[in-house]
Amino acid sequence: KITFIPFFLMVYLSIYYVVFMFGDEWKDLYKYLYVISTNIYLSILMSPYTHVLKVINKQEVSLYGNMLKLSGMAAFAISYFFIRYDPLEFVLYMIVIDTIINLLIATYTNLLIGNKFNVIFKYTLVQMITITFVYYLIF
């Protein structure tokens, strides 16, 4: 909980310091920081689940989840050649796919260990709201 405030302050204040640090050529970098930051934050929160799967000897769940993630992202990447998304929009969609699959893996892990769902759904809901907010902020 404590990491949420400084992490997002640094990210959402980047609109002010990116030009100062990197110059005018990088003025749109803050948009990519907005989009990527939510996925990075969720990855930090979900990292203990990979260790839980090792402890309960269910690494195949992680394997299947990562195979699902790879196939979903590969299919989406192939669709890029037919639809021609804006690069920022493409990154945003890839992160949404990654978030949904991470949520599925975490939910199944919770079922395996008998844990309550409220913490995962709370953080994922925050991430989805943030992604939606970022989408409307940028586009």
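**Exercise 1. Determine how H4 and H5 are oriented to each other, and which residues form their contact.**

*Solution.* Step 1. In this predicted model, helix H4 covers residues 59-83 and helix H5 covers residues 87-113; helices are DSSP runs of H or I with at least four residues, strands are runs of E with at least two, and both are numbered from the N terminus.

Step 1. The two helices pack at an angle of about 160°, and their axes lie 10 Å apart. Axes are lines fitted to C-alpha atoms, for helices over the stretch in contact, and the angles between N-to-C directions run from 0 to 180 degrees.

Step 2. H4 and H5 are therefore roughly antiparallel to each other. Angles over 145 degrees count as roughly antiparallel, under 35 as roughly parallel, 65 to 115 as roughly perpendicular, and the rest as oblique.

Step 3. The crossing of H4 and H5 is right-handed; this term applies if the near helix is turned clockwise from the far one by less than a right angle, and left-handed applies if anticlockwise.

Step 4. The contact (heavy atoms within 4.5 Å) includes Gly65, Gly72, Phe76 and Tyr80 of H4, and Phe90, Ile97, Ile101 and Tyr108 of H5. By class, it has 15 nonpolar, four polar and two charged residues. Ala, Val, Leu, Ile, Met, Phe, Trp, Tyr, Cys and Pro count as nonpolar, Asp, Glu, Lys and Arg as charged, and the others, Gly among them, as polar.

**Exercise 2. Compare the span of H5 with its expected span, and state what follows the helix.**

*Solution.* Step 1. H5 has 27 residues. The expected span is 1.5 Å times one less than the number of residues.

Step 1. From its first C-alpha to its last, H5 reaches 39 Å, close to the expected 39 Å.

Step 2. Gly114 follows H5, and its phi is positive, near 75°.

**Exercise 3. Describe how H1 packs against H3 and against H2.**

*Solution.* Step 1. The axes of helix H1 (residues 4-12) and H3 come within 9 Å and cross at roughly 160°. H1 and H3 are therefore roughly antiparallel to each other, and their crossing is right-handed.

Step 1. Phe4, Phe7, Phe8, Val11 and Tyr12 of H1 meet Leu33, Tyr34, Ser37, Thr38, Ile40 and Tyr41 of H3. This contact has nine nonpolar, two polar and no charged residues.

Step 2. For H1 and helix H2 (residues 14-22), the axes come within 6 Å and cross at roughly 55°. These two helices are therefore oblique to each other.

Step 3. Met10, Val11 and Tyr12 of H1 make the contact with Ser14, Ile15 and Tyr17 of H2. The contact of H1 with H2 divides into five nonpolar, one polar and no charged residues.

**Exercise 4. Summarise the chain.**

*Solution.* Step 1. The chain has six helices and zero strands.

Step 1. Of its 139 residues, 32% count as buried.

Step 2. Among contacts with a separation of 6 or more, 70% come from residues 24 or more positions apart.

**Note on the values.** Residues are numbered from 1 along each chain as its sequence is written, and side-chain values use heavy atoms, leaving out hydrogens and water. In this predicted model, local features need pLDDT of at least 70 and side-chain atom pairs count only at pLDDT 80 or more, while totals for chains, interfaces and linings use all residues.

Note on methods. Buried < 20%, exposed > 50% of the residue type's maximum accessible area, 1.4 Å probe, protein only.
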